Amino acid sequence: MAEDIAAGKALSNAPLPAWVLQGPVAERGDVHQPEGSWSASANAFVARKALPVYERQRFPAALAGTAQADPRKAGKTLHEDDAVRI
């Protein structure tokens, strides 16, 4: 992204925050990790909040880099096409 900003190819010319280019996020290559997502205010990877809505969901939306169950591999597939998996 920094290269695109410098080349004028980005939607904005605002510089990226320093924590994107150096430190734990840059070292690990992503803001999402198995232990949580980067919080610039906490200066640490923070686990997803345990909200009641997640308890009702069989497969809460996964974040890139996290160890969420893959709904595409769960259970037994009886039928699958472009529109539905049963």
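Predicted model: local features only at pLDDT ≥ 70, side-chain atom pairs only at ≥ 80, totals over all residues.
Residues are numbered from 1 along each chain as its sequence is written, and side-chain values use heavy atoms, with hydrogens and water left out.

Okay, the fold. We have four helices and three strands, and along the sequence they run α-α-α-β-β-β-α. Helices here are DSSP runs of H or I with at least four residues, strands are runs of E with at least two, and both are numbered from the N terminus. The chain is more spread out than a compact globule, because its radius of gyration is 18 Å, well over the 12 Å that the globule rule gives for 86 residues. That radius is taken over C-alpha atoms, and the rule is 2.2 Å times the number of residues to the power 0.38. The C-alpha box, along the principal axes, is roughly 50 × 30 × 20 Å.

So how much of the chain is buried? Buried residues make up 9% of the 86, where buried means under 20% relative accessible area, exposed over 50%, and partly exposed in between (1.4 Å probe, protein chains only).

Last stop, Asn43. You'll find Asn43 in the loop between strand E2 (36-39) and strand E3 (44-46). Its phi is near 55 degrees, a positive value in a residue other than glycine. Asn43 is also exposed, with a relative accessible area of 57%.
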